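Colleague: Hi! Could you walk me through this one? I'm new to it.
Modeller: Happy to. Here it is.

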Amino acid sequence: MTQAQPTTKNPPNDLKAAPHSLSRRAYQSDFERLASGALQSEPEWLGRLRRESFASFESLGFPTMKNEDWHFTSVAPIADRVFHPAEPKALSIQDRENFLLPELGGPTITFVNGQYSAELSTEIAGDKSGISFESLSYAIARDSEGSLRRLLGSIAVPGSSAFTALNSAFFRDGALLRIAANAVPDAPIHLVFIAAGGDGSVSHPRNLIIAGDHSRATIVESYVTLGDAESFTNAVSEVTLGEGARLSHYKLQSESPRAFHVGTIQAHQSRNSWYESFSFATGADLSRTNVYTVLDGDAAECVLNGLYLADGTQHMDHQTYVEHVAPNCPSHELYKGILDGRSHGVFNGKVYVHPEAQKTDGKQSNNNLLLSSHARVDTKPQLEIFADDVKCTHGATVGRLDETALFYLRSRGIGMAMARQLLTYAFAADVLERLELAPLKEALEARVLRRFTAPA
């Protein structure tokens with residue numbers, strides 16, 4: 001056993017990067033406008049957070065491929081473009097229809113260009129369900145007790161990442177969800193984030209989810225695009241789970257093929273809590289999804305699963321970081337990727353076990369299916385263990401369709417195209433089966449089935 005690393009409750013910092021001077025000057029100009037305008041009417045603590053966050057962004061710069069965490073993903077398509085904050089926009093009910101998930105049966109809360117839309121949202125019966133929603137901007141304005149000041153930015157620390165710093169400096173709005181202690185809401189909450197700006201627009205949704213002791217809830221985040229603008233979404237969700245809380249947290253990213261997306265979810269778990277994360281990614285030209293959680297209480301448990309489907313020239317990157325701080329904590333992780341055309345998939349996962357985290361049970365797996373000779377995947381599951389009594393495994397596979405299975409199906413009269421589609425669907429269905437929310441599982445299975453069995 002080697003010397004233990006110092007305690008880190010956030011993933012490694014981005015390195016100082018190449019200047020990307022044009023886009024950085026644009027962010028500087030936009031922040032100066034913010035500081036001289038809207039920021040003047042905000043609480044002093046928020047203004048300070050924004051200034052410190054923007055200073056962190058200027059210090060860090062955009063990450064480069066010299067950074068281990070970004071070794072297989074170049075952010076040049078984002079960093080070399082100039083994006084300005086997307087303007088508020090009113091959409092109709094019809095604009096939103098295609099993005100709903102009626103199967104869930106619960107309320108839908110809609111954000112357009114990062115700002116809450118009451119007209120497109122469903123009211124939550126907070127008194128009955130034990131879950132309350134406020135738009136983050138409204139909650140900050142009426143937060144006289146300063147509770148948000150203590151929470152916002154405490155889990156997703158701006159200095160940990162250039163993109164988190166940018167979000168913390170520029171966010172306008174997002175969802176504040178509070179689940180009362182012992183509450184068990186009847187239905188999931190669906191948060192829909194619609195990017196409806198034009199070319200060169202960016203939105204920074206910011207969410208804060210607080211699960212009280214022994215509560216149990218399900219939250220779905222959907223990121224979609226109206227139109228095909230070359231827009232950028234940079235989202236951050238902070239999650240805190242009290243003792244014994246159980247939270248299922250699903251993220252669906254299906255933005256347009258010209259969009260860019262960076263999404264970060266950071267969770268902090270207390271004793272006996274249970275956190276389930278599922279990432280389903282099919283959209284955007286370049287996307288990066290980060291899921292980080294800290295198991296900071298005895299017997300806390302997390303389940304991180306994901307499925308990404310890419311084709312054309314899409315680039316999809318997933319990074320996970322599970323930090324075992326307390327003893328007796330299990331973590332389970334399965335990500336699967338299906339890559340076609342000239343697409344590029346990346347998986348970078350790390351399980352970090354502190355010396356005090358004895359009896360850790362960590363399992364991490366990444367499996368990829370290449371449908372084209374031009375598709376590419378880079379995968380790097382990692383373990384860093386500084387405790388003696390642990391049980392941790394990790395593994396990754398990259399392969400093509402099983403020729404024996406193809407022969408078997410064809411020998412029973414199934415054409416080559418359909419045989420390939422059925423085997424591809426079966427590969428994806430394995431991870432979808434793990435979803436605990438049955439209506440969402442069925443909806444995603446239907447999407448995958450349509451994608452892989454629809455007539456060419």
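This is a predicted model: local features need pLDDT of at least 70, side-chain atom pairs count only at pLDDT 80 or more; totals for chains, interfaces and linings use all residues.

Colleague: Which residues of α8 are buried?
Modeller: A162, F163, T164, A165, L166, N167, S168, A169 and F170. Buried means under 20% relative accessible area, with exposed over 50% and partly exposed in between (1.4 Å probe, protein chains only). Helices (H or I, at least four residues) and strands (E, at least two) are DSSP runs, numbered from the N terminus.

Colleague: What do the buried residues of α8 pack against?
Modeller: They pack against α1, α2, α3, β8 (206-211), β10 and β12 (260-269). Contact here means heavy atoms within 4.5 Å.

Colleague: How do α1 and α8 sit relative to each other?
Modeller: The axes of α1 (residues 21-36) and α8 (residues 162-170) come within 11 Å and cross at roughly 30°. Axes are lines fitted to C-alpha atoms, for helices over the stretch in contact, and angles run from 0 to 180 degrees between N-to-C directions. The two helices are therefore roughly parallel (angles under 35 degrees; over 145 is roughly antiparallel, 65 to 115 roughly perpendicular, the rest oblique).

Colleague: And which residues meet there?
Modeller: Y27, D30, F31 and L34 in α1 meet L166, A169 and F170 in α8.

Colleague: Changing topic: what is the order of the strands in the open sheet?
Modeller: The 10 strands run β3-β2-β6-β9-β11-β13-β15-β17-β19-β21, with mixed pairing. At the edges are β3 (115-117) and β21 (391-399), each pairing on one side only. Two strands pair if DSSP finds at least two bridges between them.

Colleague: In what sense do β13 and β15 pair?
Modeller: Strands β13 (residues 274-281) and β15 (residues 301-310) pair in the parallel sense, over eight bridges.

Colleague: Which strands does helix α10 lie across?
Modeller: Helix α10 (residues 416-432) lies across β13, β15, β17 (330-339) and β19 (361-370), at about 160° to β17.

Conventions. Residues are numbered from 1 along each chain as its sequence is written. Side-chain values use heavy atoms; hydrogens and water are left out.
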